[in-house]
Amino acid sequence: MHLNLLIRGRIIKVHGNVGGLKASQVRRLTNLYRRRTPPAYIVSPELSKAVCQLSFEIRRQIGLLIDRRGWIAFVLVGTYQQIMIPNLEKYRSGGGRLKGLRCVHTHLQQEPLTRDDLMDLALLNLDLMAAITVDKHGRPHSIHAAHLLPEGVNGANWEILPPLGLTQLDMDCHGLIRSLESEFARKLRAQRVKGAWQRAVLIGVTTAPRRVAEDSMAELRELAKSSQIAVVDAVIQHRRRVDPRFLMGQGKLSELVILALRKGADLLIFDQELNPSQVRSITDLTALKVIDRTQLILDIFAQRARSREGKIQVELAQLKYLLPRLTGKGTAMSRLTGGIGGRGPGETKLEIDRRRVRDRIAHLEKSLASVQKQRAQRRAKRNKKGLPILSIIGYTNAGKSTLLNTLTRSSVLAESRLFATLDPTSRKKRLPKEAEVIITDTVGFIRELPQELITAFRATLEELEDADLLIHVIDISNPRCEHQVRSVERILENLHLGEIRVLRVLNKQDLLDPITVRKWARKLDGIPISANDEQTLSPLLDRIEWHVRRLKRGVTCHSEQQAAAITA
Ligand SMILES: Nc1nc2c(ncn2[C@@H]2O[C@H](COP(=O)(O)OP(=O)(O)OP(=O)(O)O)[C@@H](O)[C@H]2O)c(=O)[nH]1
Ligand SMILES: [Mg+2]
């Protein structure tokens, strides 16, 4: 039975376990919304008496979420042993601020704050968590309260105050919360990073060896940086086995949430792809925005896409990623949809639902098909010219666009960010001795390139099939370059491009000493260059010419054979 009432301009109702209560009891519960606690009190003595009496009568816990002005924002009813706090997403938090709500609830079993109470305090960033123990006559006995700490003391994230008697409730509650919050904010100002949009804590939950986990985290950092996110902390959690449902325990998650609060982060970024049930179980527990590596990559793509085709492809990838993660519940989903801070072409409004996502996917697929028809025509025209095509490929940030620019004196965007290039570019180049070739630069690769992106970018990647020679640019100054080479080669195989000849080019040699460069040249069997220095490119040009000559000979040979067959 629900009794809705209009108080202070909004419809209010009693939340939680109200089934089986008498109408008069529900009315008394609803009337609690009319009460106000003076700011200095954690809860007024009269209100605590009323709540305890009612709680004793109905043999269920009653909780009040009280705002900073002392008004009751929520009245909650639980069971004899516990109480559930509803979704508080609409309430502010982040940026080092507490929730603006404190929870005061009854304990019918005379026990102090429980582990669950402290978890809620942490996971929801509540101003305070308090439990009033109810004596055997239904009267308040004492109040146990705790608050978060701006800085951990001996590993503790919260402070539990000494129990308060009914005469001690006037404890300058408002002052305490204000000073806590300003302490959180002060700590935060000291750590602010300029120019970044959002602040994130990175998390890797892994069974991999330490080195592998650290490398992976280093790359996640770069991805975050490329998305203009300030990384305020990174946590690697080693596990013998990764829990497929929860990924990490509640305790660990609450530590992360407190860490995020202390560092002013409003975003948790997981290094592994979170499956739908993991996203749900994590977002159910915390009001922080939660995303995974795939989403981060999708978000970078969304920021970078310039052409119509690129934009459609990215939005498609984002929606396809989203679809299985949409639940009827709407909460986890709403935090997923906007991407990071809700930007990019894939930015989809919160009221999004499955059907609309499916409709949008169908619409985008249709538009993409028509854009790609034009691309296919351009491609056919280019192929008709019969010029050899050299495609520059490689791990993201390896220097592909820089090489295209130096080789063809163009000015394609090249910058120290992952995925600077999304849309393919082709330029003609006249080689020193031979005829013209076409050189193309395209999107970079990354380890575990999200499947949604591979699917969406299939047409762009298919262009690589036309290549007569793949120039694989490798950044040998990157400590992870060997892994990167392997990732690129694996992706080539998956795209069935394994047949095309590959020329390995070892870029950024200027950042290493000559002996190390020679070592890499032998080990990876490639030509060292500095893509930004034309002087270093002659050995590469010679090799390209050699390949092109062989290609041409291949063509001639082929026609000679034909000619011989005809003569015979
Ligand atoms: N020191 C040095 N830096 C280089 C060299 N080549 C490229 N860079 C730098 O590396 C960064 C990435 O270069 P890009 O050409 O954008 O790399 P990309 O492979 O096209 O990267 P994406 O398009 O993001 O996949 C830029 O900051 C370049 O200035 C080089 O030979 N030496
Ligand atoms: Mg590029």
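The questions and answers below go through a predicted model of one protein chain with its ligands.

Me: How many helices and strands does the chain have, and what share of its residues is buried?
Reply: The chain has 17 helices and 19 strands.

Me: Of the contacts between residues at least 6 apart in sequence, what share joins residues at least 24 apart?
Reply: Contact here means heavy atoms within 4.5 Å. Among such contacts in the chain between residues at least 6 apart in sequence, the share that joins residues at least 24 apart is 68%.

Me: Which residues touch the most other members of the largest nonpolar core?
Reply: In soluble globular proteins, nonpolar side chains tend to be buried together. The largest nonpolar core in this model holds 58 residues, and a second, separate core of 43 residues includes Ile 291, Ala 302, Ile 393 and Tyr 395. Ile 42, a member of the largest core, is in contact with residues beyond four places in sequence, including Ile 66, Val 104, Leu 128 and Met 171. The members of the largest core that touch the most others are Leu 29, Leu 32, Ile 42, Val 75 and Ile 85.

Me: Are Ser 401 and Thr 421 buried or exposed?
Reply: A residue counts as buried under 20% relative accessible area. Ser 401 has a relative accessibility of 6%, and Thr 421 has a relative accessible area of 11%, so Ser 401 is buried and Thr 421 is likewise buried.

Me: Which residues come nearest to ligand 1, and which helix gives the most to the shell around this ligand?
Reply: There are 23 residues around ligand 1, and those that come nearest are Lys 400, Ser 401, Thr 402, Ala 420 and Thr 421. With three residues, the element that gives the most to the shell around ligand 1 is helix 12.

Me: Where do polar side-chain atoms lie from oxygen atoms of ligand 1, and what share of the area of ligand 1 does the protein bury?
Reply: An N or O atom in the side chain of Thr 402 is 2.5 Å from an oxygen atom of ligand 1. A polar side-chain atom of Lys 508 lies 3.0 Å from a ligand oxygen, and for Asn 532 the distance is 3.3 Å. Ligand 1 taken alone exposes 650 Å², of which the protein buries 88%.

Me: With which side chain does the side chain of Ser 391 make a polar contact?
Reply: Ser 391 is found in strand 14 (residues 389–394) and is buried, with a relative accessible area of 1%. Beyond its neighbours within four places in sequence, Ser 391 is in contact with residues including Leu 464, Ala 467 and Ile 471. The polar contact, at 2.8 Å, is with the side chain of Thr 440.

Conventions: Residues are numbered from 1 along each chain as its sequence is written. Chains are lettered from A and ligands numbered from 1 in the order in which they are written. This is a predicted model: local features need pLDDT of at least 70, side-chain atom pairs count only at pLDDT 80 or more; totals for chains, interfaces and linings use all residues. Side-chain values use heavy atoms; hydrogens and water are left out. Buried means under 20% relative accessible area, exposed over 50%, partly exposed in between (1.4 Å probe, protein chains only). A nonpolar core is a set of buried Ala, Val, Leu, Ile, Met, Phe, Trp, Tyr and Cys residues joined through side-chain atoms within 4.5 Å. Helices (H or I, at least four residues) and strands (E, at least two) are DSSP runs, numbered from the N terminus. A polar contact is a pair of N or O atoms within 3.5 Å; within protein, one must be able to donate a hydrogen and the other to accept it, and residues adjacent in sequence count only if both atoms are side-chain atoms. A residue is near a molecule or strand if one of its heavy atoms lies within 4 Å of it. Accessible areas come from the Shrake-Rupley method with a 1.4 Å probe; for residues, only the protein chains shown count as cover.
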